Amino acid sequence: MSGYLTDRIQAVLMVFVLDTAIGFGVWLPFTFGKTTALLSLDPPRALYILDLPIRAMRVITNPIVDFVTVILGLFVFPGLYWSIRLVLNILLLITRQKVTSDAILEWTVIELGSLKEFSHWCLQISKITTVWENAVASLQTPSPSPAISLSQRLESFLESDSVIVRYLEPYFATLGREVRTTSEQLQTSWVNLTMGQGTREKVFAIILGYGVVGILLAIYLNVFTVGNARSAGRAIRSAIRQQLLVVKVAMFIVIELVIFLLGCGIMLDICTVWVFPEASLESRAAFFTQAPLTAMFYHWVAGTMFMYQFAILLAGCRNIMRPGAMWFIKDPQDQNFHPIRDILDRPTFTQFRKLLISAFMYAMVVACGVATLAVLLFVGNRSIFPLRWKTREPISTVPVDLIFLQFALPYTMRYLRPRKFFHRWAVRIWKLVAARLRLTSYMFGERHSDEEFTAQFDGWIPFFRRSLSDIESASKTSDGTFRRVPASDNIALPKDMRATAEVLEDGTPANPAAEELVAAQDAEAAKAKRDIKNDYLIVYFPPGFRFRIFGFITSVWVIVAVLAAIFIAVPMQLGRHFFCLFTSKELHDGYSFLAGLYLLWACYLVAKTVERMDKRRQRRGGDGPRAEFAVFFVKRSLLWLSKIAYMGIFLGIIIPILFALVIDMYIVMPVRLTLNPTLVIHIRIVDMWALGLVI
């Protein structure tokens with residue numbers, strides 16, 4: 001159950017990541033854009049929205065301020081007033097014996113006189129200030145000019161009855177009408193995009209939201225964080241450069257992860273459209289027209305699966321060959337591989353050229369690969385096509401296919417280990433074709449003396465037979481060259497520098513150009529602090545190396561395509577004939593393929609068991625008479641079949657049914673009868689069996 005729990009946790013985390021990305025990438029921009037568009041129809045409402053935080057704060061602060069004011073007015077201020085009054089009375093009582101009433105009156109008169117002088121002085125200062133302000137205003141305000149303004153002149157010119165005005169009046173009328181019509185159309189379109197709820201309106205809101213966020217970020221970066229004009233210019237250029245880099249990275253990521261995979265899926269569909277029944281280019285075009293999003297998603301998933309399988313194929317090729325044989329193809333598992341950094345460092349046109357070359361190469365791979373396999377299947381056996389691809393017609397009402405995927409398929413994969421099996425046979429085919437084309441030294445880094453010469457045979461029969469006697473009797477001519485090639489997929493090599501240099505057998509450069517190239521490679525390796533001996537290797541190159549590489553790829557692909565066609569066609573035909581014994585209905589070819597594959601596997605196990613039983617019979621009994629093999633085989637087979645039937649019936653049928661019945665009777669049924677007392681109970685044994693297996 002730990003594996004199942006881990007899968008569920010990973011699924012939950014993936015859903016959380018996707019929801020977060022959709023929220024930040026779609027929902028927030030849509031909200032900002034929709035809000036901005038709605039506020040543009042009623043601008044005063046924007047001020048009301050800006051006032052909402054103040055209103056919200058007042059809802060919280062007003063009761064607190066009122067409460068504090070009441071407390072101060074009822075308790076603090078009266079107490080303070082009576083305290084000050086009491087202190088003043090006490091002081092007056094203390095000083096009453098020393099200060100007479102005449103002195104107090106004299107002091108009051110003096111103070112009032114000084115206060116009168118002070119007020120008179122303030123009045124004079126205010127008069128002087130008024131005079132000064134009037135003088136300054138008279139100096140700053142220009143005297144009215146009798147000249148007429150430009151707008152008045154233009155208005156009087158247009159109202160005059162001159163020849164120029166009569167000539168320009170129709171054009172100005174047309175221009176005004178067009179401007180008015182265009183503005184009304186733009187206003188109507190803006191209102192429709194703002195108030196609508198369709199796909200176009202939602203896309204408009206998202207784009208507007210991104211624009212609003214960009215403008216706000218630009219204002220923040222260029223206004224609130226800048227001190228002077230020069231710094232503002234630098235900040236603007238830096239912000240624009242950063243935004244362009246972000247747009248560049250996002251654009252190429254969308255191209256590589258969406259458009260590229262979508263195009264690969266469309267190319268895959270075009271190459272295999274005639275394989276499926278009732279399918280054609282017209283039906284695919286109609287599907288795109290009626291449900292564009294669904295069609296694009298299906299083709300994108302198909303392209304993603306193909307690219308994933310192609311990446312697995314390239315990884316398998318790397319595991320077969322020596323390190324460095326595929327140095328020109330980046331390894332995604334390499335720690336020094338940074339695709340985002342490559343996008344940032346490379347110019348835009350260079351990156352577009354790389355994408356176009358990659359698109360052409362993958363299109364050729366899909367066209368030559370998938371289409372070749374389909375043609376081989378069609379030519380080899382016409383009864384396979386068209387495929388029976390009925391996804392909405394299951395084999396039974398019981399989910400037998402899901403039970404098979406849950407129990408039988410994992411055990412089969414663990415027992416057969418198909419990756420190891422395919423890798424072993426791929427290495428054999430690879431070495432065989434490489435030896436025939438004299439490419440073993442480059443592919444595997446091994447020296448074979450029999451591949452370093454050209455044998456001239458006496459006729460065509462020895463040429464194709466190539467036995468030891470034929471090779472020894474043929475005349476041999478040494479040819480080819482030795483080259484210094486990368487011995488690792490991760491080497492320090494500039495973009496414009498060649499990776500291979502012609503050398504002698506001991507590694508000495510063969511010419512001055514090769515010597516300069518070797519020196520440059522060594523300098524780059526030393527600069528990157530890498531070991532030169534581990535980065536480069538001396539291998540043998542036969543004559544016509546490029547043509548031999550093309551011939552190698554073609555030969556390997558033809559062999560793999562033929563074997564794949566046989567691997568698909570034989571089990572499918574066997575499964576179809578097997579299901580014809582039980583039903584006349586045409587089932588999905590996926591069921592037929594799996595049934596035929598398991599039948600072939602059963603035949604292989606029976607043959608292997610028979611051979612093992614015969615060897616065991618021969619080892620037993622010593623020198624005495626042995627039992628007949630037929631009798632021995634029947635006895636052992638009956639014993640094994642009885643054990644298998646006993647275990648299968650009890651563990652695979654009876655116990656799951658009983659367990660499901662207990663769960664249904666004691667847990668499920670009481671709840672259902674409580675919710676619906678009139679429920680009629682129906683028990684289907686097949687459903688109970690499936691439920692018991694799943695539980």
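Reply: Let us start with burial: a residue is called buried when its relative accessible area is under 20%, exposed when that area is over 50%, and partly exposed in between, using a 1.4 Å probe and protein chains only. By that rule, 21% of the 695 residues of the chain count as buried. Please keep in mind that this is a predicted model, in which local features need a pLDDT of at least 70 and side-chain atom pairs count only at pLDDT 80 or more, while totals for chains, interfaces and linings use all residues. Residues are numbered from 1 along each chain as its sequence is written, and side-chain values use heavy atoms, with hydrogens and water left out.

Me: What is the average pLDDT of the chain, and which stretches have a pLDDT below 50?

Reply: The pLDDT is the predictor's confidence in each residue, on a scale from 0 to 100. The chain averages 77, and 79% of the residues score at least 70. Over residues 103-119, however, the pLDDT is below 50, and beyond near neighbours in sequence this stretch has 1 contact in the model, a contact being heavy atoms within 4.5 Å. Where pLDDT is low, the predicted coordinates should not be read in detail.

Me: Why is the pair of Phe422 and Phe567 called edge-to-face?

Reply: The structure holds 24 aromatic pairs, where rings of Phe, Tyr and Trp (its six-membered ring) pair if their centres lie within 6.5 Å, and planes under 30 degrees apart count as stacked, over 60 as edge-to-face and the rest as tilted. The ring centres of Phe422 and Phe567 are 6.4 Å apart and their planes stand at 85°, so this pair is edge-to-face. Phe422 belongs to helix H13 (residues 418-436) and Phe567 to helix H19 (residues 545-580), so the pair ties together parts that are 145 residues apart in sequence. Helices here are DSSP runs of H or I with at least four residues, strands are runs of E with at least two, and both are numbered from the N terminus. By that rule the chain has 22 helices and 5 strands.

Me: What makes Phe422 and Phe567 partly exposed?

Reply: Phe422 has a relative accessibility of 46%, and therefore counts as partly exposed. Phe567, with a relative accessible area of 39%, is partly exposed as well. Turning to another pair, the rings of Phe578 and Phe579 have centres 5.6 Å apart and planes at 65°, so they too are edge-to-face. Phe578 is partly exposed at 29%, whereas Phe579 is buried at 14%.

Me: How do you know that Arg484 lies over the face of Tyr536?

Reply: A charge sits over a ring if NZ of Lys or CZ of Arg is within 6 Å of the ring centre and within 35 degrees of the ring normal. Arg484 lies over the face of Tyr536 at 4.1 Å from the ring centre. Lys431 likewise lies over the face of Phe444, at 5.6 Å from the ring centre.

Me: Why is Thr412 called buried, and which residues does Thr412 touch?

Reply: Thr412 has a relative accessible area of 7%, so this residue is buried. Thr412 is placed in helix H12 (residues 400-416) and, not counting residues up to four places away in sequence, touches Arg417, Tyr598 and Trp601. The side chains of Thr412 and Tyr598 are joined by a polar contact of 2.5 Å. A polar contact is a pair of N or O atoms within 3.5 Å; within protein, one must be able to donate a hydrogen and the other to accept it, and residues adjacent in sequence count only if both atoms are side-chain atoms. Tyr598 and Trp601 also belong to one aromatic cluster, together with Phe404, Tyr411 and Tyr415.

Me: What makes Asp589 buried, and which side chain does a polar contact join to that of Asp589?

Reply: Asp589, in helix H20 (residues 589-619), has a relative accessibility of 3%, and so counts as buried. A polar contact of 2.7 Å joins its side chain to that of Arg576.
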